Amino acid sequence: MQKRRTDYHVHPNYSIDASPVTMYEYCEKALQLNLAEICFTTHVELDPVREQVENFVYVDGRRVPVHDPHWLDRYFQELLEVRERFNEEGLTVRAGVEIGYCPGVEKDIERMIDNYPFDYVLGAIHCLDHISISSKKESPVYFRRKSVTQMAQAYFRVLMEAVQTGLFDCIAHVDLYRRYGYSFYGDAVFTAHRGFIEPVFAEMARRGMGLEINTSSRRRGLQDFHPAEEILSLAAQHGIAIFTVGSDAHSLAELGGDIDEALALLERYRLENYVFTQRKPCPTRDAA
């Protein structure tokens, strides 16, 4: 049976760090790539300390605060339009969001995801101590202050808090700290998860929460995806059964990147790729 090719991590022009590529343009490209389903996952950052730095989205080229719900009205209007247009051509389009978690923003997240019909809510840890470890420019500020053990302890403590909120369907790029941490910690960054990630995975499995295979690491010179294979194996051992694949595309050229290899990786571990409808997971073998 042919694999259903999906990309569940796509940043349209609403994300402030994305190229000015519309949903329509991404959908056209998805058809060219023979993708069966894509999910748009606009960045939402809510850290009040960073409010003037990144708590925005773009709407028609204007920077709008994420707390202004009118941007979501426009977001879902556009999603509905492309969904209806491209469904006729065999492309399924889902409504998602990638939310950067930090402690204390739970009510803000609830207000957003409870009032809009998201198919998929992706959770991520982008910042520690209000410093972006996902940023090439900012991450050195954090890494210089912390040993690799201190970094891992802090990262997985915040990740556990995110999981325990129960607000997310899936966790994105779970070992994101590898992206720029290797420059500071060397090979130690590849084993930093040991002893910290296992209880997080156990809690995720207990809640039926999914884990993303994120291929963007390849674009930044890493050999493994996020997560690395050792971490993927641990996830399976601890009972996580729901997985999605995503390119984390911020430009048209990145859409669908290394998706086939990510699907092959799941198959090698006898794990299944999932899609989501109205926040309900479904294995792609059962998807229409």
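A search of the whole structure, which is a predicted model, finds 18 aromatic pairs, where rings of Phe, Tyr and Trp (its six-membered ring) pair if their centres lie within 6.5 Å, and planes under 30 degrees apart count as stacked, over 60 as edge-to-face and the rest as tilted. The rings of F76 and Y116 have planes at 20° and centres 5.7 Å apart, so this pair is stacked. Because F76 belongs to helix α3 (residues 70–87) and Y116 to the loop between α4 (106–115) and β6 (120–124), the pair ties together parts that are 40 residues apart in sequence; helices (H or I, at least four residues) and strands (E, at least two) are DSSP runs, numbered from the N terminus. Y155 and F156 form an edge-to-face pair, with 5.1 Å from centre to centre and 85° between the planes.

| Residue | Relative accessibility | Class |
|---|---|---|
| F76 | 14% | buried |
| Y116 | 16% | buried |
| Y155 | 1% | buried |
| F156 | 3% | buried |

F76 and Y116 also belong to one aromatic cluster together with Y14, W71, Y75 and F118. Arginine side chains lie over two other rings: R63 over the face of F56, at 3.9 Å from the ring centre, and R85 over the face of F86, at 4.8 Å, the criterion being NZ of Lys or CZ of Arg within 6 Å of the ring centre and within 35 degrees of the ring normal.

A nonpolar core is a set of buried Ala, Val, Leu, Ile, Met, Phe, Trp, Tyr and Cys residues joined through side-chain atoms within 4.5 Å. In the largest such core, of 87 residues, F40, W71, Y75, F118, M151, Y155 and F201 touch the most other members, and helix α6 (residues 148–165) gives the most to this core, with 11 residues. A second, separate core of 11 residues includes L122, A124, A172 and V275.

In helix α9 (residues 229–237), the residues I231, L232, S233, L234 and A235 are buried, and the buried residues of α9 pack against α8 (197–207), β10 (210–214), β11 (242–246) and α10 (259–268), with contact meaning heavy atoms within 4.5 Å. Just after α9, G239 takes a positive phi of about 95°.

Residues are numbered from 1 along each chain as its sequence is written, and side-chain values use heavy atoms, with hydrogens and water left out. Local features need pLDDT of at least 70 and side-chain atom pairs count only at pLDDT 80 or more, whereas totals for chains, interfaces and linings use all residues.

Key. Buried means under 20% relative accessible area, exposed over 50%, partly exposed in between (1.4 Å probe, protein chains only).
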